Amino acid sequence: TGSVTAAQRAVTGEPPSSRMEAPGKVNLFLAVGPTRADGYHSLATLYAAVDVREAVTVSFAPDLPEGHIDCTLEVVPGSLVDQQVERGSFDPVSVPMDESNLAVRAARTVIERAGGLPGGVRVHIEKAVPVAGGMGGGSADAAAAIKAAVELVFAVTGRETLVSDSLEIARGLGADVPFAMTGGAAIGTGTGAELSPVPVSSPWPAVLIADDGALSTPSVFSRLDALREQGQAVTPRDEDLQVPDELLGALAGDPGSDSSALSLLRNDLQTPALDLAPHLVPRLEELRMAGSIPIVSGSGPTLIALTRDHESARILAAHLREVGAHAVPVVLG
Ligand code: C5P
């Protein structure tokens, strides 16, 4: 990561440019409360970053008109997204490159708040986290773009952006974006944007299993609302939205030492996600039979399977790939 320094630029003659990374995430715990007046749900979640990262480069483009943002995307070779492209289940062309792209909006917001630049910018996304997979890939793009744009504005104009302003911009772009700015592990409350970091002793081993389909987050929340209205799911009260201390303790301790804490993993979006993507049900069962502890990641359809150790994660991922799944061993936190 990091930008080209002023000294390097003087040598190369290239316009300033900054490349920053941000991680995808899983939710090891996600308790969803009632719908709020603004349509969002109050929640309590335990986020953990995954070592699958998006990268965004924001470059000054004096050849483009002021305010113009050109966006391009590249799929990282060998990534889960690359595996989806090979199987024909994901077409990079389907990702919007206009203002509906969170990285473009992030770069624009940072630049406008800083009073603009004397030209346009180019935004380039290196995509490794599945799109609409429940892993916060778009949020990671937004977070990386904020950081890169902040650095670029400084390189071009010398104007600094306060960290508090960056976080406010992040909150404005989506509930998961502040976590993608910080990474590690954190409790999220409110809509998920209010963070308190939690310690992780050693990163937890796991396997990520990407899906050929996609689920839209709003539709999974709506399905949860519908299930609750039909009495098929209960709504926790706001005061019951708490990440269990035992789970935090296990994260702060030795990963393999407290396997009972793993029974506390919870995702209230799992039932509605399985309703919308029932083919995931037997897959979860297979992962349980293989000795791992699987849950749906966020709003799905990506699955995350926690394993006893890194070797088990490697073996499970290799086995899953042999039977045609897109699986990679990862570490969390
Ligand atoms: O904040 P973000 O744009 O990522 O959220 C996507 C959608 O997920 C929201 O429009 C809303 O439908 C749903 N959501 C929610 N409650 C939250 C977070 C997200 O209902 N706390």
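1. Start with His-326, which sits in strand S12 (residues 326-332); strands are DSSP runs of E with at least two residues, helices are runs of H or I with at least four, and both are numbered from the N terminus. Keep in mind that this is a predicted model, where local features need pLDDT of at least 70, side-chain atom pairs count only at pLDDT 80 or more, and totals for chains, interfaces and linings use all residues. Residues are numbered from 1 along each chain as its sequence is written.

2. Is His-326 buried or exposed? His-326 is buried because 24 other C-beta atoms lie within 10 Å (20 or more means buried, 12 or fewer exposed, in between partly exposed, with C-beta atoms placed from the backbone). Beyond its neighbours within four places in sequence, His-326 is in contact with Leu-80, Gln-83, Gln-84, Ile-209 and Ala-210; contact means C-beta atoms, placed from the backbone, within 7 Å.

3. Now the domains: the protein chain splits into domain 1 (2-25 + 50-183) and domain 2 (204-332), with bounds from an automatic or database domain assignment. Their C-alpha centres are 28 Å apart, and 15 residues of domain 1 are in contact with 19 residues of domain 2. On the side of domain 1 that touches domain 2, S3 and helix H2 (80-86) each supply at least two residues.

4. Where does the ligand lie? Both domains give residues to the shell around the ligand, so the ligand lies between them. Among the residues surrounding the ligand are Tyr-40, Asp-176 and Phe-221, taken as near when the C-beta atom, placed from the backbone, lies within 6 Å.

How values were computed
Contact = placed C-beta atoms within 7 Å.
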